[in-house]
Amino acid sequence: MSVLEMNNIKKSFGSKVVLEDITLKVGKGEVVSIIGPSGSGKSTLLRCATFLERIDNGEISYIDKKIVNKGAVYPPKKELQQACANFGLVFQNFNLFPHFSVMKNISDAPIVIQKRDKEEVYRETRELLKKVGIEDKENAYPCELSGGQQQRVAIARALALHPQMLYFDEPTSALDPEITAEILRVLKSLAAEKMTMVIVTHEIDFARAVSDRVIFMDGGVIIEEGKPEYVIDNPENERTKAFLKKLHV
């Protein structure tokens, strides 16, 4: 079963074409890493998949239900909001509420939006904090946390809504190498649990270790995709080879 299906996606900003006829399917339990140079359209693809940007053409489905119809026809706002329950999105700059404690950052949406039982959500939040290794921080505020701890709160917050899949947009780009390793460990544990994930990353070794499939994007198109041992270790396309060579992979 496909959790996400994007067909013939096109997106421009003014006269600049950012995505050109992209087609992408992500199966249940699959981990897909998207790599490529800056400006290749990776983050825009994620923003289109999560409805933060409107596509100019194409269609988007979640769990085999068409959300955006052919020709980029969007549903009413309420239906779009319901579709957003299918996924969680973790940004590179954390996007936590600074005036909320860690507990409230994670538990607020399940209680307010999903109308779930408060005590049950608090109990689950504590389990999630344990899972990401910061169980002692539930009463802290974002300003009291390191970047790595804030990113782990952001991951727990996304998981608290019980999404079908998670998107990560360069989840380690704002972090130093030691803290990056902590976040990558969390993502590896989620992959081991068969959480469906799409990860835009520049961490090539991580993409190789954790991905079922790697996609190389450049110039708004998918240049090459396949298992990491092919795309990263034995790429066929000259653009993929040149990109990886620059990174000394």
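Strands β4 and β5 form a hairpin with two residues between them, and isoleucine 63 in the turn has a positive phi of about 50 degrees. Helices (H or I, at least four residues) and strands (E, at least two) are DSSP runs, numbered from the N terminus. The model is predicted: local features need pLDDT of at least 70 and side-chain atom pairs count only at pLDDT 80 or more, whereas totals for chains, interfaces and linings use all residues. Residues are numbered from 1 along each chain as its sequence is written, and side-chain values use heavy atoms, with hydrogens and water left out.

Isoleucine 60 is placed opposite valine 68 of β5.

Strand β1 (residues 2–13) contains serine 2. This serine is buried, with a relative accessible area of 15%, where buried means under 20% relative accessible area, exposed over 50% and partly exposed in between (1.4 Å probe, protein chains only). Apart from neighbours within four places in sequence, serine 2 is in contact (heavy atoms within 4.5 Å) with Lys25, Val26, Gly27, Ile63 and Asp64. Ile63 is the residue with positive phi in the hairpin turn.

Methionine 6 also belongs to β1. Its relative accessibility is 0%, so methionine 6 counts as buried. When residues up to four places away in sequence are not counted, methionine 6 touches Ile22, Thr23, Leu24, Leu45, Cys48, Ala49, Glu59 and Ile60. The C-alpha atoms of methionine 6 and alanine 49 lie 7.6 Å apart, although the two are 43 residues apart in sequence.

An open sheet is formed by six strands in the order β6-β7-β8-β3-β9-β10, with mixed pairing. Its edge strands, β6 (87–90) and β10 (221–226), each pair on one side only. On average, neighbouring strands of this sheet are turned by 15 degrees against each other, direction ignored. Five bridges link β9 (residues 213–218) to β10 in the antiparallel sense, and isoleucine 215 has glutamate 225 in β10 as its bridge partner.

Two helices are described in relation to these strands. Helix α9 (residues 238–246) packs on the sheet and touches β3, β9 and β10, its direction making about 95 degrees with that of β9. Helix α6 (residues 177–192) lies across β3 (31–35), β7 (165–169) and β8 (196–200), and runs at about 145 degrees to β8. Axes are lines fitted to C-alpha atoms, for helices over the stretch in contact, and angles run from 0 to 180 degrees between N-to-C directions.

Definitions and conventions
Two strands pair if DSSP finds at least two bridges between them.
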